[in-house]
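Reader: Could you take me through one part of this model up close, starting with whatever the database record flags? I'd like it in plain talk, please.

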Amino acid sequence: MAVASRAERAAKSAAKEGRRSGQFNSLFGEILDWMLAPLLFLWPISIIVTHNVADNIANEPYDRAMAESVRTLARLVVLDGSKVHVDFPAPPRTLFRADRDDTVYYQVADHQGEVVAGDWEIPWTAPPIRLLPDDVLYRDAVIHGEEVRIAYQFMRAYPEPSSPLVLVQIAETRNKRAELASRVVTGVLLPQFAIIPLAVILVWVGLSRGISPLNRLQSVIRRRRPTDLAPISTAGVPEELRPLIVAFNEMMARLEENLQAQQRFIADAAHQMRTPLTGLRMQTELALNETDPDMLHEALTRIALSTQRASHLINQLLTLARAESSSEKIYAVDRVDLEMLVREVALDLYPRAQAKDIDLGVEDTGWPLLIDGNPVLLREMIMNLMDNAIKYTPEGGRVTARTQATEFAILEIEDTGAGIPEEDRERVFERFYRVLGSGEDGSGLGLPIVREIAELHRATVTLNPSPTGPGTIAQVIFPRSYTRRVLSDDD
């Protein structure tokens, strides 16, 4: 329960920090924004479109009425020789000015633009290119500061096509039209003011129900014990969430494998440490009971050797733990010259090779062989390979470290030892496994460390028999195009 409470506090703290920094986004809010933003964007457009449609609807009946008035006025035009006048059966004001809401203007003008009858305020206009008989045209204008709608018609003074034209015009202010358009717009938009908030509420409710599986999944995960890494059931999970659950289950399976590997490592390490420490304690007790100086010196020598082996084992365990530790999964990457590292390690191990009369040599390309990697870990890997080769090569033998440059960077450590049986070439990469009958002491961790570091650098390591005789070639192939800034097992 203490672990769970600490985890909950850490999760809440991370959530608060994420909200403060703006890193966390709400899925609910994101979907709501993408659904409502287009609606709020299209609403003003719909208002404009509705207003234009309402204007057209309002113009249509009044334009027809004005067209009839224009045709009626045209029928009253009388031609007397070359003169044009209008024969009104009643006062013009009675015919064209009997509107309570709008002001109506009329005009009859000859081909020169001279007003024959009616109101001079209506502006004259040029005739169209193609004149059709009984065709009434429309335009908008302003009279005395008011917008007006004008219906007009051009008629021939005589039947001949070349006869002069007479312009008949009726103008009307737009009060009735504006009122009708407003009524249409109001009738359309008023329901929208009720529909849009209702739509927002329905969308909110729908999204709340839609993301409820996420809340149930969160409850299922939170109710789990910290040690429960069993896969989450996908039964009843929405189709969109199943890939997420499958990926989460795969991650949990990998985590469980890592935890089991750590537990096995701890158990194996405890077993391996118990043996040298028990031997060291027994040798120390024997030394304490010795009175003969020669026997005491021999006992102390054995203690020193046991201490050296225990120290080597501890260093190997620490190196392996560092290479695979979950708290140190990410290492800084530098541009590393592989050949320079090989030469430096060879110089460090040269005294040990000389002590066994082993010919330790380096064959390189003569040019920098650059790879991206962590120099500390790479040096540890090369050190383990060369150390193993020197350890298992008999006196008077030969150990050669060579590098090759192809599309990959290749490192090979060749020895003239007894070699490794084919059935053991893969097993030697297991922790604490040692080939029987080798005649050398070891911790069984050198090659596992090599493989761990190689995998961290996206490299492959293999053990092959030497083609020139007994011995083994340890080959590590690095990608030369590796350009990441960090090394991570999670990549």
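Author: Let's start with the record: an unreviewed UniProt entry lists residues 184–207 as "transmembrane region". UniProt positions follow the numbering used here, with feature names shortened, and such annotations may be inferred rather than shown by experiment. In the model, residues 184–207 are 100% helix and 0% strand, with the end C-alpha atoms 34 Å apart.

Some ground rules before moving on. This is a predicted model, where local features need pLDDT of at least 70, side-chain atom pairs count only at pLDDT 80 or more, and totals for chains, interfaces and linings use all residues. Residues are numbered from 1 along each chain as its sequence is written, and side-chain values use heavy atoms, leaving out hydrogens and water. Helices (H or I, at least four residues) and strands (E, at least two) are DSSP runs numbered from the N terminus.

Now for helix H9, residues 375–391. Its 17 residues reach 24 Å from first C-alpha to last, close to the 24 Å expected at 1.5 Å a residue (that is, 1.5 Å times one less than the number of residues). At its start, a side-chain oxygen of Asn374 comes to within 3.2 Å of the backbone nitrogen of Val376. H9 is largely enclosed by the rest of the structure, because 12 of its 17 residues are buried (under 20% relative accessible area with a 1.4 Å probe, protein chains only; exposed is over 50%, partly exposed in between). Among the buried ones are Leu377, Met381 and Ile382, but also Asn384, Asp387 and Lys391.

Helix H10 (residues 446–456) is mostly covered too, with 9 of 11 residues buried, including Pro448, Ile453 and Glu452. Just after H10, Arg458 takes a positive phi of about 60 degrees.

Strands S14 (460–465) and S15 (472–479) pair antiparallel over 6 bridges; two strands pair if DSSP finds at least two bridges between them.

S3 (residues 104–109) is joined to S4 by 3 bridges, and Ala109 has Val115 of S4 as its bridge partner.

How values were computed:
Polar contact = N/O pair within 3.5 Å; in protein donor to acceptor, adjacent residues only side chain to side chain.
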